[in-house]
Amino acid sequence: MLTLPAWLSALAGAAVVVGLRLLVLPLLNPKMWQWRALLLGATMFLAWRYIIWRFTDTVAPLGWTADAFFSWGFAILEALTVLSSTIAFIILSRVKERSLEADRHRDWWKPGPPPQVDIFIATYNEQLEVLERTIVGAKALGYPALRIFILDDGRRDWLRAVCEHHGVEYLIRPDNAHAKAGNINHALQLRAGDPDAPDFIAVLDADFVPHIDFVERVLALFHAPDVGLVQTPQHFFNPDPIQHNLGISSAYPDEQRHFFDNVEPSRDAWGIAVCCGTSSMVRVRAVEIIGGFPTESVTEDFLLTLRLSENGWRTVYLNEPLTEGLAPEGLQEYIVQRGRWCLGMMQIVRNVYSPFGENRLSFLRRLSIFDSLLYWSTTFPFRLASLICPLLYWWGGVAVVNASVTDILVYYLPYYLAVMIVLNWLSKGLFIAILNDVAQLVAAWPITRAVALGLLTPGPHKFSVTAKGGDRTKVVVQWPLMMPFLLLFALTVGGMVVPLTSDFIFNHAATAGDGMAVVMFWTVYNLFVLLVAIAACIERPRPNRPQRQIVEPVTLLMAGREQRGWLVNLGVGGARISGLNDLEPGMTGRLRLPIIGDIEARIIAPTQDGYRVGFAPTADQRDRIIARLHTASAAPGTNQGNIALMIRELARTLTR
């Protein structure tokens, strides 16, 4: 048993890390590369110190035994994840923001005419509600030389009529060859022969609404003649399935915030920013030189970046909220989307641009490909292995990590704390233990399978388009996704209970020694991860209620009198208003909204401080509401983590 002096000595390294967090980090500017490099470098030192200890002190002796096989296998996988983190930390050591550059070059084409810009909105099976937002947002763009095209691979007559109503152009093609990339290439070929052929095209997914200044801000960065593509971040006006199902959307950002807020600006600083498909703009001449949008991968956006780079064109990143879209609303769609991203990356590595193959890519571009390869192929298998390894001990007596509690405190704890503290310092608290594990775990098996499929088979590979919209008003339990987590939870609980109450399998005390405490802590942590993952598989209803918080005074004319209140939330079909009184559900009247005008309204239900009000706006009012909701230059949702609020919200969700 550890004595108090031994405990204090073992915790010294962790205490130093925590002390630096409390006393030093608040004084440092996370945008300065010197501090970033120093702190990330120190974290990498602790990481590799830990890995060296793992291989020298914690693995089983080499031999034809289960202990050796699983012990060395897990250690190698863990080392690969640290290698992946090391490359990521090197990239994160610098950061570039281009807002001032966009300010300086806002009208770089003057005194000549503005460049012609086309908006390409590619669609396949999205519903009217989804497409309508994007069309209205595109129409609200104030740029003078602009044409908007709906590229419909679903060939739907009703969508043609919608486009005619809104005054935007509608294009179809005879087949669906090469999916989205083929759809865009077809439109490019048609537009190339027009008198007003575009100089630039902006690509929007069917569910992404441009903010009113999207074109002007993005176009400013094309002042440099070698810029081939400008990417902007993706923001979401609805919570993703992890946020929503756990009820933590106000305390925990969407899963992609770290990439768009931190990784992409850092990649841009090294000259290796990547295209992410939607919310980007590309120079037409650059695309023509490389032969159009590439079609060899289901992630044509990343491949487009590489092909442009190989031909001397730069991809740059403007970190401003200039579009907002619809995050996958169901867990299955969330997983399908990430599996497609992974599969596309593996196709690129196998068939087009291997980081070790013959091509004209720079060393940094090759390193970025290798970084992506490591991320997809190690992070998610490691998450699965972390759940399975304690079970090997409880049910088979296999000691995957043979370490003392003292050594864990000396080597692992400072490394883990440093990673979490430094990353949270860089990212406004986006990294929260257990939740980050759950976000990876729910897609871990499909992504691991996609890695094997993409690397080991030549293709072609089928993929599913991420479904958006639809009826989300009912509780749906995703049993196929939940069952493996339930099984692992049962095996984990049983693995602890059965061996601790009897030795009918084998004598654990004789096989693990002090390591049993390590396995016990590991197991308890896994139980929390699995419990939250199981909860995430229960899809809570998403009522079609107001989506954006807008606080301003409004007037309600009802029951022969006029009441003034405060608009709290606004949606296309209703609002929540505080400050009203003496009203009953079913009462009708008129709601006077700023900018929108008078709308026939009906009281739906009381709230704690007012009422929910439903209304049926005219077509013109509906367009103005959509534009008001989605085209303002402000980021929807939260962009930083709040652990205290998250714990309260998560506890409330899990105990309902």
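This briefing walks through the overall build of one chain and then a handful of its residues.

The model is predicted: local features need pLDDT of at least 70, side-chain atom pairs count only at pLDDT 80 or more, and totals for chains, interfaces and linings use all residues. Residues are numbered from 1 along each chain as its sequence is written, and side-chain values use heavy atoms, with hydrogens and water left out. The chain holds 23 helices and 18 strands. Helices (H or I, at least four residues) and strands (E, at least two) are DSSP runs, numbered from the N terminus.

**Overall build**

- Along the principal axes, the C-alpha atoms of the chain fill a box of roughly 80 × 70 × 50 Å.
- Of the 656 residues, 54% count as buried. Buried means under 20% relative accessible area, exposed means over 50%, and partly exposed lies in between (1.4 Å probe, protein chains only).
- The accessible surface of the chain comes to about 28,400 Å². Carbon and sulfur atoms account for 62% of that surface. Areas come from the Shrake-Rupley method with a 1.4 Å probe; for residues, only the protein chains shown count as cover.
- Take the contacts between residues at least 6 apart in sequence: 78% of them join residues at least 24 apart. Contact means heavy atoms within 4.5 Å.

**A helix pair**

- Helix α3 (residues 33-58) and helix α4 (residues 66-92) have axes that come within 10 Å and cross at roughly 170°. Axes are lines fitted to C-alpha atoms, for helices over the stretch in contact, and angles run from 0 to 180 degrees between N-to-C directions.
- α3 and α4 are therefore roughly antiparallel to each other. The cut-offs are under 35 degrees for roughly parallel, over 145 for roughly antiparallel, 65 to 115 for roughly perpendicular, and oblique for the rest.
- The contact of α3 with α4 has 17 nonpolar, four polar and three charged residues. Ala, Val, Leu, Ile, Met, Phe, Trp, Tyr, Cys and Pro count as nonpolar; Asp, Glu, Lys and Arg count as charged; the others, Gly among them, are polar.

**R267 and S368**

- R267 sits in helix α11 (residues 257-270). Its relative accessibility is 4%, so R267 counts as buried.
- Beyond its neighbours within four places in sequence, R267 is in contact with I91, I272, A273, V274, S368, D371 and S372.
- R267 and I90 are 177 residues apart in sequence, yet 10.0 Å apart in space, C-alpha to C-alpha.
- S368 belongs to helix α15 (residues 363-396). S368 counts as buried because its relative accessibility is 1%.
- Not counting residues up to four places away in sequence, S368 touches R267 and I272.
- S368 and I87 are 281 residues apart along the chain, and 8.4 Å separates their C-alpha atoms.

- V136 is part of helix α6 (residues 128-139). At 6% relative accessibility, V136 is buried.
- Leaving aside neighbours within four places, V136 is in contact with H166, D623, I626 and A627.
- V136 and P414 are 278 residues apart along the chain, with C-alpha atoms separated by 51 Å.
- L650 lies in helix α23 (residues 643-654). With a relative accessible area of 13%, L650 is buried.
- L650 and N245 are 405 residues apart in sequence and 9.7 Å apart in space, C-alpha to C-alpha.

**Backbone features in loops**

- A cis peptide bond joins K110 and P111, with omega about 10°. P111 lies in the loop between α5 (99-104) and β1 (117-123).
- H178 is a residue other than glycine with a positive phi, near 65°. The loop between β3 (169-171) and α8 (179-192) holds H178. At 52% relative accessibility, H178 is exposed.
- D582 also has a positive phi, near 60°, in a residue other than glycine. D582 is in the loop between β15 (574-578) and β16 (588-593). D582 counts as exposed, at 63% relative accessibility.
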